[in-house]
Amino acid sequence: MIAHRGPAMSAFMHELREKGRTAHRTESDILIWAGSGSAGWEAGIVNLLSPGDTVVATVCGAFGERFAWLGGKFGLNVHRVEVEWGRAVTPEMFGEALDVAGDVKAVFITHNETSTGVTNPLKELAALARAKNALVLVDAVSSAGAMELCVDEWDLDWAFSGVQKAWMCPPGLMMAAVSERAIHASKTAGFKRFYFDLAPMLQAAREGSTATTPAVSLLYALDAALDAIHEEGLENVWARHIRLGRAFRAGMVELGVEVLAEPGYESSSVTAFRTPGGLSSTDLQERITNATGIVIATGQGPLAKTVNRVGHMGWTEQLELDATLEAIGAAMR
Ligand SMILES: Cc1ncc(COP(=O)(O)O)c(C=O)c1O
């Protein structure tokens, strides 16, 4: 470990932020807080917005639901674009909602809805929001590092993730790509804030430091993960995720299991499927874990008992997915 206020830390932080920029396809700022993915919702809201601001939020599962709910908790005027869980928010729906909502200060977009295995068409949705001059806040918790995310080209303002997902790290950091426009908006944002205040964090980051004590060991993990990603090549990493997602879904079809995601919007980082064999989701989960040690997830919210999920993001290999498919098949029999 290095002294977190010493000169080695400053060089390390500058390099880490540069690797983070490359991984987000941005020339702008990368800020990293100790915290989980949820911190990205809160930090985005308090830094970019003010009570009473109107926002349009995609809601197609548990995480979009929570982002929209949190906006309401903070006193924002939240217009939800809500679809059945398993479906995506299309540009047509989103454009209509932007028109109805009127003077929209920002949009909340869940890029990849981890609870349903659906990827929303972020590039198109962001373009519609930017055409209305709205700030674009993106929950990229289960997309960043796994799928195409081009912060500058797509003109995103606050794209955040938790490092425990496709960044392949132990949990405990939230990383946000922050645009110049977001930094400008934060100067007049009306929420009180301290730990998540962008201004001191940004100043410290540009000096190769952090505003509060950094989680040094986790930053090392992130550095190693970003090295691995850049060694493989970012586009190769995205392509690998697409391949693994396709292969897993093909395996599901072979087993006769129904994938939840609407065709055309299937996630390449996680697959949700209707629990087969007349079992409950926890029954299937237990059978698989008891037989093989493999841990699969259940659904969330209204899908808790009837859906299971398998993550195929980050450091995942075809062999592991084959073993998981075999285990699901055996548990169904
Ligand atoms: C899309 C999405 N957003 C937000 C979160 C919340 O992140 P955390 O549990 O790390 O706070 C998650 C967690 O799985 C998620 O998948």
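Tutor: Begin with burial. A residue is buried under 20% relative accessible area, exposed over 50% and partly exposed in between, using a 1.4 Å probe and protein chains only. Phe196 has a relative accessible area of 16%, so Phe196 is buried. Tyr195, at 32%, is partly exposed.

Tutor: Two notes on the source. This is a predicted model: local features need pLDDT of at least 70, side-chain atom pairs count only at pLDDT 80 or more, and totals for chains, interfaces and linings use all residues. Residues are numbered from 1 along each chain as its sequence is written, and side-chain values use heavy atoms, without hydrogens and water.

Student: How many aromatic pairs does the structure hold?

Tutor: Eight. Rings of Phe, Tyr and Trp (its six-membered ring) pair if their centres lie within 6.5 Å; planes under 30 degrees apart are stacked, over 60 edge-to-face, the rest tilted. Phe12 and Tyr220 have ring centres 5.2 Å apart and planes at 40°, so this pair is tilted.

Student: Where in the chain do Phe12 and Tyr220 sit?

Tutor: Helices (H or I, at least four residues) and strands (E, at least two) are DSSP runs, numbered from the N terminus. Phe12 is in helix α1 (residues 7-24) and Tyr220 in helix α8 (residues 216-232), 208 residues apart. Phe12 is buried at 11%; Tyr220 is partly exposed at 32%.

Student: Which residues do ring pairs link into a cluster?

Tutor: Trp33, Trp158, Tyr195 and Phe196.

Student: What is the strand order in the open sheet?

Tutor: Two strands pair if DSSP finds at least two bridges between them. The order is β10-β12-β11, with antiparallel pairing. The edge strands are β10 (270-274) and β11 (297-298).
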